[in-house]
Amino acid sequence: MNYNVDEKGYYGEFGGAFIPEMLYPNVENLRQQYLKVMADPTFIAEFDQLLKDYVGRPSPLYFAKRLSEKYNTKIYLKREDLNHTGAHKVNNTIGQILMAKRLGKTRIIAETGAGQHGVATATVCALMGMACIVYMGEIDIARQAPNVARMKMLGAEVRPALSGSRTLKDATNEAIRDWINNPVDTHYIIGSAIGPHPYPDMVTRFQSIISEEIKWQLKEKEGKENPHYVVACIGGGSNAAGTFYHFLHEKEVGIIAVEAAGKGVDTGESAATSVLGKEGIIHGCKTLLMQTQDGQITEPYSISAGLDYPGVGPMHAHLYKTGRAEFIAVTDDQAMQAGMQLSKLEGIIPAIESSHAFAVLETKNFKPDDVVVINLSGRGDKDLGTYIDYFKL
Amino acid sequence: MNRINQKLQEDKKLLSIYFTAGYPALNDTVKIIQDLEKNGVDMIEIGLPFSDPLADGPTIQASSTQALTNGMTTAILFEQLKDIRKSVRIPLIIMGYFNPVFQYGVEAFCKKCQEIGIDGLILPDLPLDVYQDQYQDIFKKYGLANIFLITPQTSDERILKIDAASDGFIYMVSSASVTGSQDGFGNTQERYFQRIADMQLKNPQIIGFGISDAETFQQATKTSQGAIIGSAFVKHLTNQGVEKIPDFIEGILTVKQ
């Protein structure tokens, strides 16, 4: 079984490029160029140097001693929270801004939900001196004020998405409309492993630095490259794609994707796409998505804005369908408790997205000798308000 | 030969109107279609509303959202249209996004269209290669024309490919834009219109996006066989209501001949 993208842009039955003709020239140009650009030694050198000196890579692989004792297994944390800007998102935006430069683009657009991808995009645009416009749902702008301020400080223009439910899904629609209206000078930096081919594959490759590092770091610490399990939270799925990538074809490695169940899978307020979604087309790709029987895309819910997306990337849809990855849904409450516990036991306040991945330790029994690598995709600073409200701190 | 091809053989510039089904009120669909024909419109695009209309500007987005709030579904649209051919003769095209069609089942959808007397589909996010690999035979089986879009950025090579795969007409998007975001055409557009006219394609071209009044209609139909008005008509429905449809069409057609 092949878990990578095929030459037509599909992962099994999922993927493809379901885009209006207006986007075809841009997407096709990217498709023809991206692998060539990424294989170019000068590109690789520049990407590696920025990841090292600007982002601060490699991010540590940290043995979580007290957490391991509590669950009687060996738990390692991949510390993406220590990256510049506080999450894994910057791995992709660094890669894509370098790609945009090589494609001759001068204007960058992006969508953002919680604001993490928006901040990571605004950051690299400041770094490269490029114009940056970030689309963000009007409701998200109101509830993520610090990230909006960060983007502004970094020189980006934040444009409110006023249509539909005024959240991430609509911000993505607005970014796509902007790209339709500005087909020549603009590159769209998609933040997740979604969108028309080649985006899911390109984003996955930029994020695959996570699993590449896990391999050699684990070799140093455990004497072998492969853990028994890799665990990551999943909304659209960029941190999960990067965490899983180099283990997809290593049969001995169990892959666990943790979705946001919100208030519970059956409550109507959930973002557990593998349970609630069915095959369809969203934002340019065929994948699993939450929709009505009539094919209208529905609004997801999660306490974590970064997991609040009605679909998953096509690679993940394929991993789910083939059974290669185990999908586990975690509620808001389980995630919040796991976040608090990590703070108390290890002195690390995780992003609420990442807290979902840690909640799996409560429900899944790992063996004492199992090596479990959990991707700590982001830090919790941005979520302090939510933690304060939830725990009445 | 279906009604689209027949209509295109007439020696005139065609006026085609888009509206969103289920807007302003859920049951306005049939009345709007009948009034458009009565007032001299040559062809109609019936918009199947979608929650996430990527290629549409604010006017059509808002009408789609309202139509869905009104309760419009694919099944209700088909029910509303079931007797439409008893009163309407001009070509009818359903325009929408692929996901609702995919969920209904592409074959079931096409079959239903044939039963009702729909002549073609415009699904901007169903790409050419997927159509050819998976759905072309189904469209042909049920006598439906699949209308493709081209834009100023579409390469000549791809236009020829689209022309070969098309039936009915080619939908020429006037400029790089979502719907409803233009006012007036400049030299760039006129050069593009001329360039396409000079390609002598097998299929006639009808221009859409940015046509809003008699003047832009005239400009667009200088080199093409017709033009499509969408957002401006939907805006008219919003502001004036369904009773004032004759005024709108008259405004376009008076200078036309």
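Entry 1: The model is a predicted one. I placed the residue in strand β2 of chain B.

**Entry 2: the record.** I checked UniProt for annotations. Its unreviewed entry lists B:Glu45 and B:Asp56 under "active site".

**Entry 3: Asp56 of chain B.** I went to the other listed residue. Where does B:Asp56 lie? I found it in the loop between β2 and α3 of chain B. B:Asp56 is buried, as 30 other C-beta atoms lie within 10 Å. Leaving aside neighbours within four places in sequence, I noted contacts of B:Asp56 with B:Gln61, B:Val178 and B:Thr179.

**Entry 4: strand β2 of chain B.** I went back to the strand that holds B:Glu45. Why is β2(B) largely enclosed by the rest of the structure? The strand covers residues 43-47, and five of the five are buried, so the rest of the structure largely encloses it. I sorted the residues by direction. B:Met43, B:Glu45 and B:Gly47 point one way, while B:Ile44 and B:Ile46 point the other way. Both sets are buried.

**Entry 5: the partners of β2.** I looked at the pairing next. Strand β1 (residues 14-20) of chain B runs parallel to β2(B), and five bridges join the two. Within this pair I noted B:Phe19, whose bridge partner in β2(B) is B:Ile46. I also followed the chain between these strands: β1(B), helix α2 (residues 29-38) of chain B and β2(B) make a right-handed β-α-β unit. Strand β3 (residues 92-95) of chain B is joined to β2(B) by four bridges, again with the strands parallel.

**Entry 6: the whole sheet.** I wanted the strand order. How many strands does the open sheet have? It has nine, in the order β5-β4-β3-β2-β1-β9-β8-β7-β6 (chain B), and the pairing is parallel. I marked β5 (145-146) and β6 of chain B as the edge strands, since each pairs on one side only.

**Entry 7: the β6 end.** Two bridges pair β6(B) with strand β7 (residues 170-173) of chain B in the parallel sense. Across this pair, B:Leu149 stands opposite B:Tyr171 in β7(B). Moving on, I found four bridges between β7(B) and strand β8 (residues 205-208) of chain B, in the parallel sense. The bridge partner of B:Tyr171 in β8(B) is B:Ile206.

**Entry 8: chain B against chain A.** I looked up the contact between the chains. It takes 31 residues from chain B and 24 residues from chain A. On the side of chain B, α3 (58-69), α5 (98-104) and β6 (149-150) each supply at least two residues. The largest share, five residues, comes from α5(B). I classed the residues on this side of chain B as 17 nonpolar, twelve polar and two charged.

**Entry 9: the domains of chain A.** The assignment gives domain 1 (19-50 + 89-203) and domain 2 (56-87 + 208-391). Over C-alpha atoms, 23 Å separate the centres of the two domains of chain A. I found 28 residues of domain 1 in contact with 27 residues of domain 2. On the domain 1 side, the elements giving two or more residues are α4 (89-102), α5 (116-128), α7 (145-153), α8 (168-181) and α9 (199-207) of chain A. That side has twelve nonpolar, 13 polar and three charged residues.

Conventions: Residues are numbered from 1 along each chain as its sequence is written. Chains are lettered from A and ligands numbered from 1 in the order in which they are written. This is a predicted model: local features need pLDDT of at least 70, side-chain atom pairs count only at pLDDT 80 or more; totals for chains, interfaces and linings use all residues. Domain bounds come from an automatic or database domain assignment. Two residues are in contact if their C-beta atoms, placed from the backbone, lie within 7 Å. Ala, Val, Leu, Ile, Met, Phe, Trp, Tyr, Cys and Pro count as nonpolar, Asp, Glu, Lys and Arg as charged, and the others, Gly among them, as polar. A residue is buried if 20 or more other C-beta atoms lie within 10 Å of its own, exposed if 12 or fewer, and partly exposed in between; C-beta atoms are placed from the backbone. Two strands pair if DSSP finds at least two bridges between them. A crossover is right-handed if, with the strands pointing away from the viewer, the path from the first strand over the helix to the second runs clockwise. UniProt positions are given in the numbering used here, feature names are shortened, and annotations may be inferred rather than shown by experiment.
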